[in-house]
Amino acid sequence: MPTMPAPATRRRSLRGRPAATTHAEIEQAAFRLFVTKGFEATTLDDIGEAIGVGRRTITRYYPSKNDIPWGQFDRTLDAFREILRSMPTDVPLHEAVHRGVLAFNDFPADAQPSHRDRMRLILTTPALQAHSVLRYASWREVIAEYVAERTGLGPDGLLPQTVGQVSLALALTSYQAWLADEDASLPDLLDATMAHLRSYVSC
(Lines give C-alpha, C1' and ligand atoms only; values in the text may rest on other atoms or scores of the structure.)
Protein backbone atom coordinates (compact mmCIF):
# COMPACT_ATOMS: atom_id res chain seq x y z
CA MET A 1 0.00 0.00 0.00
CA PRO A 2 1.15 3.58 -0.57
CA THR A 3 2.67 5.22 2.46
CA MET A 4 1.90 8.68 3.79
CA PRO A 5 4.53 11.46 3.81
CA ALA A 6 6.90 11.25 6.75
CA PRO A 7 5.63 13.09 9.83
CA ALA A 8 6.97 16.61 10.19
CA THR A 9 9.10 17.28 13.25
CA ARG A 10 7.73 20.22 15.20
CA ARG A 11 10.70 22.49 15.92
CA ARG A 12 10.69 24.87 18.85
CA SER A 13 12.39 28.22 19.31
CA LEU A 14 14.75 29.05 22.16
CA ARG A 15 11.78 30.51 24.03
CA GLY A 16 9.88 27.25 23.73
CA ARG A 17 7.39 28.53 21.15
CA PRO A 18 6.68 26.46 18.04
CA ALA A 19 8.64 27.48 14.95
CA ALA A 20 6.79 28.95 11.98
CA THR A 21 4.30 26.61 10.35
CA THR A 22 4.94 25.57 6.76
CA HIS A 23 2.73 24.42 3.93
CA ALA A 24 4.42 21.01 4.03
CA GLU A 25 3.84 20.62 7.76
CA ILE A 26 0.14 21.38 7.37
CA GLU A 27 -0.20 18.98 4.44
CA GLN A 28 1.57 16.13 6.22
CA ALA A 29 -0.56 16.50 9.34
CA ALA A 30 -3.72 16.79 7.25
CA PHE A 31 -3.00 13.69 5.19
CA ARG A 32 -2.33 11.63 8.30
CA LEU A 33 -5.71 12.71 9.65
CA PHE A 34 -7.44 12.09 6.32
CA VAL A 35 -6.21 8.49 6.53
CA THR A 36 -7.18 7.90 10.15
CA LYS A 37 -10.41 9.92 10.36
CA GLY A 38 -11.47 10.33 6.75
CA PHE A 39 -11.48 13.54 4.74
CA GLU A 40 -14.98 14.68 5.60
CA ALA A 41 -14.62 13.98 9.33
CA THR A 42 -11.36 15.92 9.60
CA THR A 43 -11.67 19.60 10.49
CA LEU A 44 -9.25 22.49 10.27
CA ASP A 45 -9.27 22.55 14.05
CA ASP A 46 -8.12 18.90 14.06
CA ILE A 47 -5.26 19.75 11.72
CA GLY A 48 -4.27 22.77 13.76
CA GLU A 49 -4.30 20.76 16.97
CA ALA A 50 -2.05 18.13 15.37
CA ILE A 51 0.69 20.71 14.75
CA GLY A 52 0.03 23.03 17.67
CA VAL A 53 -1.53 26.01 15.90
CA GLY A 54 -4.99 27.52 15.67
CA ARG A 55 -7.51 27.36 12.85
CA ARG A 56 -6.74 30.96 11.87
CA THR A 57 -3.10 30.06 11.26
CA ILE A 58 -4.12 27.19 9.00
CA THR A 59 -6.34 29.47 6.90
CA ARG A 60 -3.43 31.83 6.28
CA TYR A 61 -1.88 29.02 4.28
CA TYR A 62 -5.00 27.30 2.95
CA PRO A 63 -8.33 29.16 2.75
CA SER A 64 -10.27 25.92 3.17
CA LYS A 65 -9.75 22.24 3.90
CA ASN A 66 -10.49 21.50 0.24
CA ASP A 67 -7.40 23.46 -0.78
CA ILE A 68 -4.99 21.32 1.24
CA PRO A 69 -4.92 18.24 -1.03
CA TRP A 70 -3.98 20.51 -3.94
CA GLY A 71 -0.93 21.88 -2.14
CA GLN A 72 0.56 25.13 -3.41
CA PHE A 73 -1.32 24.80 -6.66
CA ASP A 74 -0.83 28.34 -7.94
CA ARG A 75 2.93 27.93 -7.67
CA THR A 76 2.83 24.64 -9.54
CA LEU A 77 0.83 26.29 -12.32
CA ASP A 78 3.47 29.01 -12.59
CA ALA A 79 6.06 26.26 -12.99
CA PHE A 80 3.87 24.61 -15.64
CA ARG A 81 3.74 27.88 -17.60
CA GLU A 82 7.52 28.10 -17.53
CA ILE A 83 7.87 24.51 -18.69
CA LEU A 84 5.64 25.14 -21.70
CA ARG A 85 7.26 28.46 -22.58
CA SER A 86 10.67 26.80 -22.53
CA MET A 87 9.67 24.41 -25.31
CA PRO A 88 11.49 25.07 -28.61
CA THR A 89 9.22 26.84 -31.07
CA ASP A 90 10.17 24.43 -33.85
CA VAL A 91 8.63 21.52 -31.94
CA PRO A 92 5.09 20.77 -33.20
CA LEU A 93 2.41 22.11 -30.90
CA HIS A 94 1.01 18.71 -29.93
CA GLU A 95 4.51 17.47 -29.12
CA ALA A 96 5.32 20.56 -27.04
CA VAL A 97 2.19 20.11 -24.92
CA HIS A 98 2.90 16.38 -24.68
CA ARG A 99 6.42 17.03 -23.40
CA GLY A 100 5.20 19.77 -21.09
CA VAL A 101 2.63 17.57 -19.39
CA LEU A 102 5.23 14.84 -18.88
CA ALA A 103 7.71 17.31 -17.39
CA PHE A 104 5.04 18.81 -15.13
CA ASN A 105 4.24 15.36 -13.76
CA ASP A 106 7.84 14.26 -13.28
CA PHE A 107 8.43 13.37 -9.62
CA PRO A 108 11.39 11.75 -7.83
CA ALA A 109 10.90 8.08 -7.00
CA ASP A 110 10.70 8.78 -3.27
CA ALA A 111 7.84 11.24 -3.85
CA GLN A 112 5.71 8.76 -5.79
CA PRO A 113 3.94 7.18 -2.78
CA SER A 114 2.80 10.50 -1.31
CA HIS A 115 1.81 11.77 -4.76
CA ARG A 116 -0.26 8.63 -5.30
CA ASP A 117 -2.01 9.24 -1.96
CA ARG A 118 -2.68 12.85 -2.93
CA MET A 119 -4.14 11.99 -6.31
CA ARG A 120 -6.22 9.13 -4.93
CA LEU A 121 -7.77 11.55 -2.45
CA ILE A 122 -8.43 14.18 -5.12
CA LEU A 123 -9.90 11.76 -7.66
CA THR A 124 -11.98 9.56 -5.36
CA THR A 125 -13.32 11.84 -2.63
CA PRO A 126 -16.86 13.02 -3.49
CA ALA A 127 -16.60 16.07 -1.24
CA LEU A 128 -13.65 17.35 -3.29
CA GLN A 129 -15.14 17.06 -6.75
CA ALA A 130 -16.77 20.50 -6.98
CA HIS A 131 -13.58 22.18 -5.79
CA SER A 132 -11.51 20.09 -8.18
CA VAL A 133 -13.50 21.41 -11.14
CA LEU A 134 -12.09 24.87 -10.40
CA ARG A 135 -8.55 23.52 -10.18
CA TYR A 136 -8.91 21.57 -13.41
CA ALA A 137 -10.13 24.73 -15.14
CA SER A 138 -7.02 26.61 -14.01
CA TRP A 139 -4.77 23.80 -15.27
CA ARG A 140 -6.53 23.76 -18.65
CA GLU A 141 -6.14 27.50 -18.96
CA VAL A 142 -2.36 27.25 -18.66
CA ILE A 143 -2.36 25.03 -21.74
CA ALA A 144 -4.91 27.20 -23.55
CA GLU A 145 -2.77 30.29 -22.94
CA TYR A 146 0.29 28.51 -24.31
CA VAL A 147 -1.54 27.32 -27.41
CA ALA A 148 -2.84 30.85 -27.93
CA GLU A 149 0.69 32.24 -27.75
CA ARG A 150 1.93 29.67 -30.26
CA THR A 151 -0.92 30.13 -32.74
CA GLY A 152 -1.79 33.80 -32.39
CA LEU A 153 -5.33 32.90 -31.37
CA GLY A 154 -7.15 34.11 -28.28
CA PRO A 155 -7.01 31.77 -25.26
CA ASP A 156 -10.80 31.43 -25.47
CA GLY A 157 -10.56 30.26 -29.08
CA LEU A 158 -11.74 26.84 -30.16
CA LEU A 159 -8.29 25.32 -30.69
CA PRO A 160 -6.69 26.51 -27.41
CA GLN A 161 -9.71 25.39 -25.41
CA THR A 162 -9.87 22.04 -27.19
CA VAL A 163 -6.20 21.32 -26.52
CA GLY A 164 -6.68 22.21 -22.86
CA GLN A 165 -9.76 20.03 -22.48
CA VAL A 166 -8.29 17.04 -24.31
CA SER A 167 -4.98 17.28 -22.44
CA LEU A 168 -6.79 17.23 -19.11
CA ALA A 169 -8.87 14.21 -20.14
CA LEU A 170 -5.78 12.33 -21.27
CA ALA A 171 -3.86 13.17 -18.09
CA LEU A 172 -6.74 12.14 -15.84
CA THR A 173 -7.08 8.87 -17.74
CA SER A 174 -3.41 8.18 -17.03
CA TYR A 175 -3.80 8.96 -13.35
CA GLN A 176 -6.84 6.72 -13.00
CA ALA A 177 -4.92 3.84 -14.59
CA TRP A 178 -1.93 4.54 -12.33
CA LEU A 179 -4.06 4.47 -9.20
CA ALA A 180 -5.63 1.19 -10.29
CA ASP A 181 -2.27 -0.54 -10.77
CA GLU A 182 0.40 -0.28 -8.06
CA ASP A 183 3.04 -1.53 -10.50
CA ALA A 184 2.21 0.90 -13.30
CA SER A 185 4.61 3.65 -14.33
CA LEU A 186 3.01 7.09 -14.34
CA PRO A 187 5.49 8.53 -16.90
CA ASP A 188 4.82 5.61 -19.25
CA LEU A 189 1.05 5.97 -18.91
CA LEU A 190 1.19 9.72 -19.51
CA ASP A 191 3.47 9.26 -22.49
CA ALA A 192 1.11 6.72 -24.03
CA THR A 193 -2.08 8.71 -23.47
CA MET A 194 -0.68 12.13 -24.37
CA ALA A 195 0.44 10.70 -27.71
CA HIS A 196 -3.24 10.76 -28.69
CA LEU A 197 -3.19 14.57 -28.59
CA ARG A 198 -1.73 14.44 -32.08
CA SER A 199 -5.15 13.30 -33.34
CA TYR A 200 -6.63 16.64 -32.27
CA VAL A 201 -3.82 19.04 -33.18
CA SER A 202 -2.22 19.15 -36.60
CA CYS A 203 0.02 22.18 -36.08
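Ser132 sits in helix H7. Is it buried or exposed? Ser132 counts as buried because its relative accessibility is 0%; buried means under 20% relative accessible area, exposed over 50%, and partly exposed in between, with a 1.4 Å probe and protein chains only.

Before going on, a word on what we are looking at. This is a predicted model, so local features need pLDDT of at least 70 and side-chain atom pairs count only at pLDDT 80 or more, while totals for chains, interfaces and linings use all residues. Residues are numbered from 1 along each chain as its sequence is written, and side-chain values use heavy atoms, with hydrogens and water left out.

Now the overall picture. The protein has 9 helices and 0 strands, and along the sequence the pattern reads α-α-α-α-α-α-α-α-α. Helices here are DSSP runs of H or I with at least four residues, strands are runs of E with at least two, and numbering goes from the N terminus. Of the 203 residues, 41% are buried. Take the contacts between residues at least 6 apart in sequence: 65% of these join residues at least 24 apart.

Let's turn to the inside. In soluble globular proteins, nonpolar side chains tend to be buried together. A nonpolar core, for us, is a set of buried Ala, Val, Leu, Ile, Met, Phe, Trp, Tyr and Cys residues joined through side-chain atoms within 4.5 Å. The largest one here has 36 residues, and the members touching the most others are Phe80, Val97, Val101, Trp139, Ile143 and Leu197. Which elements give two or more residues to this core? They are H4 (73-85), H5 (93-104), H6 (112-124), H7 (129-151), H8 (158-180) and H9 (186-194). H8 gives the largest share, 9 residues. Apart from this core lies another, of 16 residues, including Ala29, Phe34, Leu44 and Ile51.

Not counting residues up to four places away in sequence, Val101 touches Phe80, Trp139, Ile143, Leu190 and Met194.

Val101 also takes us to a helix pair. The axes of H5 and H7 come within 11 Å and cross at roughly 145°; axes are lines fitted to C-alpha atoms, for helices over the stretch in contact, and angles run from 0 to 180 degrees between N-to-C directions. On the H5 side, the contact includes Val97 and Val101, and on the H7 side it includes Trp139 and Ile143. By class, this contact has 9 nonpolar, 1 polar and 1 charged residues. Here Ala, Val, Leu, Ile, Met, Phe, Trp, Tyr, Cys and Pro count as nonpolar, Asp, Glu, Lys and Arg as charged, and the others, Gly among them, as polar.

For a second pair, look at H1 (residues 23-37) and H6, which pack at an angle of about 60° with axes 12 Å apart. Who makes the contact? Glu27, Phe31 and Phe34 come from H1, and Asp117, Arg118 and Leu121 from H6. That contact has 3 nonpolar, no polar and 3 charged residues.

One last stop: Gly48, in helix H2 (residues 44-51). Gly48 counts as buried because its relative accessibility is 0%. Beyond residues up to four places away in sequence, Gly48 touches Val53 and Ile58. Gly48 and Ile58 are 10 residues apart in sequence and 6.5 Å apart in space, C-alpha to C-alpha.

Conventions:
Contact = heavy atoms within 4.5 Å.
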